[in-house]
Amino acid sequence: MSDGVEEVRRLASNLGRIAGSAVEDVDAVLKKGMQNIKTEMQADVSGSEHFKGMAGSITYESRYSPGVVRYVGGPDKGRRGGALGNIYYFGTSRGGGSGDIDKPLRNEEPRTVSALEALAVKWAGRL
Amino acid sequence: MTGDALANGFESLLAGFTVYKDKVPATPSFPYVFVLTNFPAVSGRSHARTVHSRQLRSRTMVVGLTGASVRIVAQKLTNCLEGKRPVVVGWSLGTIESVPNEQPIQPDLDVTIPGTSENPLYQPFDWVLTGSQVP
């Protein structure tokens with residue numbers, strides 16, 4: 001008859017293995033999602049007569065901290081046309097702001113959430 | 001119980017400062033708030049795909065001659081909207097929430113204040129209001 005100690009040890013060991021690869025797994029999902037968002041943002045602005053020149057300024061970068069994966073994307077003011085980003089998305093004192101900065105994120109959210117749920121199912125199968 | 005009534009109910013909360021809706025006049029009175037409110041889009045559906053809820057999105061542009069002026073009007077604007085629940089016939093509404101957009105106060109370099117060579121300053125604020133139409 002088991003006293004449960006061995007099971008607890010195995011669970012702890014499996015949790016450790018999952019934790020070791022979790023950040024890498026999540027990073028891959030988020031990076032793909034961020035790429036999709038960037039592609040949609042570029043496609044949206046490319047359809048604008050006045051702002052299509054800033055399409056090439058839309059980019060993203062990763063920001064890692066211990067146990068945390070984060071991506072930040074949008075027009076880069078250091079790139080050609082990037083300074084127009086706030087006018088395209090937020091307008092000026094007299095209006096404008098025809099770009100919808102939330103749309104690519106809204107469209108991507110269900111795909112990324114599904115991919116993260118699939119990851120969680122995969123991890124659960126390894127416990 | 002139309003989307004227009006909902007937008008009007010939202011915009012009617014704006015008081016205590018100059019408000020321009022839809023368009024800013026050629027010679028506006030500073031400071032002012034320029035407001036644009038969308039038609040409420042579907043934000044939730046039942047399993048049968050009927051509309052459960054709609055979300056009204058609004059952008060308010062606070063414009064002033066100085067940063068302090070923008071901040072003072074922004075405070076009044078926030079007091080008018082944040083957490084408020086407008087009453088609109090035909091709608092069951094939640095509370096108004098601000099949406100962070102990380103936009104700073106910045107000069108509008110395309111506009112010159114009449115009689116000066118200075119530019120006005122502005123900051124956009126985004127808001128959402130979710131509700132459902134009463135059958």
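Of the 135 residues of chain B, 44% count as buried, where buried means under 20% relative accessible area, exposed means over 50%, and partly exposed lies in between (1.4 Å probe, protein chains only). The model is predicted: local features need pLDDT of at least 70, side-chain atom pairs count only at pLDDT 80 or more, and totals for chains, interfaces and linings use all residues. Residues are numbered from 1 along each chain as its sequence is written, chains are lettered from A and ligands numbered from 1 in the order in which they are written, and side-chain values use heavy atoms, with hydrogens and water left out.

Chain B has 2 helices and 8 strands, where helices (H or I, at least four residues) and strands (E, at least two) are DSSP runs numbered from the N terminus. Along the sequence, these elements follow the pattern α-β-β-β-β-α-β-β-β-β. The C-alpha trace of chain B spans about 60 × 25 × 25 Å along its principal axes. Taking contacts (heavy atoms within 4.5 Å) in chain B between residues at least 6 apart in sequence, 60% join residues at least 24 apart.

Some backbone geometry in chain B deserves a look. Most residues other than glycine have a negative phi, and most peptide bonds are trans. The peptide bond from B:Phe30 to B:Pro31 is cis, with omega near -10°. B:Pro31 sits in the loop between strand 1 (18-21) and strand 2 (32-37) of chain B. The loop between strand 1 and strand 2 of chain B also holds B:Asp22, which is not a glycine but has a positive phi of about 70°. B:Asp22 counts as exposed because its relative accessible area is 58%. Another positive phi in a residue other than glycine is that of B:Glu102, near 55°. B:Glu102 is in the loop between strand 6 (97-99) and strand 7 (106-107) of chain B, and its relative accessibility of 78% makes it exposed.

Side-chain charges come next. Over all chains the count is 10 salt bridges, each being a side-chain nitrogen of Lys or Arg within 4 Å of a carboxyl oxygen of Asp or Glu. Within chain B, the side chains of B:Asp126 and B:Arg59 form one, at 2.7 Å from N to O. This pair links distant parts of the chain, with B:Asp126 in strand 8 (residues 121-133) and B:Arg59 in strand 4 (residues 51-64), 67 residues apart. B:Asp126 is buried, at a relative accessible area of 12%, and B:Arg59 is buried as well, at 18%.

In chain A, A:Glu40 forms a salt bridge with A:Lys103, the closest N and O atoms being 2.7 Å apart. A:Glu40 lies in helix 1 and A:Lys103 in helix 3 (residues 103-125) of chain A, so the pair ties together parts that are 63 residues apart in sequence. A:Asp44 forms a salt bridge with A:Lys103 too, with a closest N to O distance of 3.0 Å. Here the link runs from A:Asp44 in helix 1 to A:Lys103 in helix 3 of chain A, 59 residues apart. A:Glu40 counts as buried at 16% relative accessibility, whereas A:Lys103 is partly exposed at 27% and A:Asp44 is partly exposed at 26%.

Helix 1 (residues 5-46) of chain A also contains A:Ala22, which counts as buried because its relative accessibility is 17%. A:Ala22 and A:Gly67 are 45 residues apart in sequence and 8.9 Å apart in space, C-alpha to C-alpha.

The two chains meet where 11 residues of chain A are in contact with 19 residues of chain B. Together they bury about 1200 Å², 45% of it on carbon and sulfur atoms; buried area is the accessible area (1.4 Å probe) that two parts lose on being put together, summed over both. A:Phe90, A:Ser93 and A:Arg94 supply 60% of the area that chain A buries against chain B, more than any other three residues. Between chain A and chain B there is 1 salt bridge, and B:Arg57 and A:Asp102 meet in a salt bridge at 2.7 Å, N to O. Helix 2 (residues 85-90) of chain A provides the largest share of the side of chain A that touches chain B, 3 residues.
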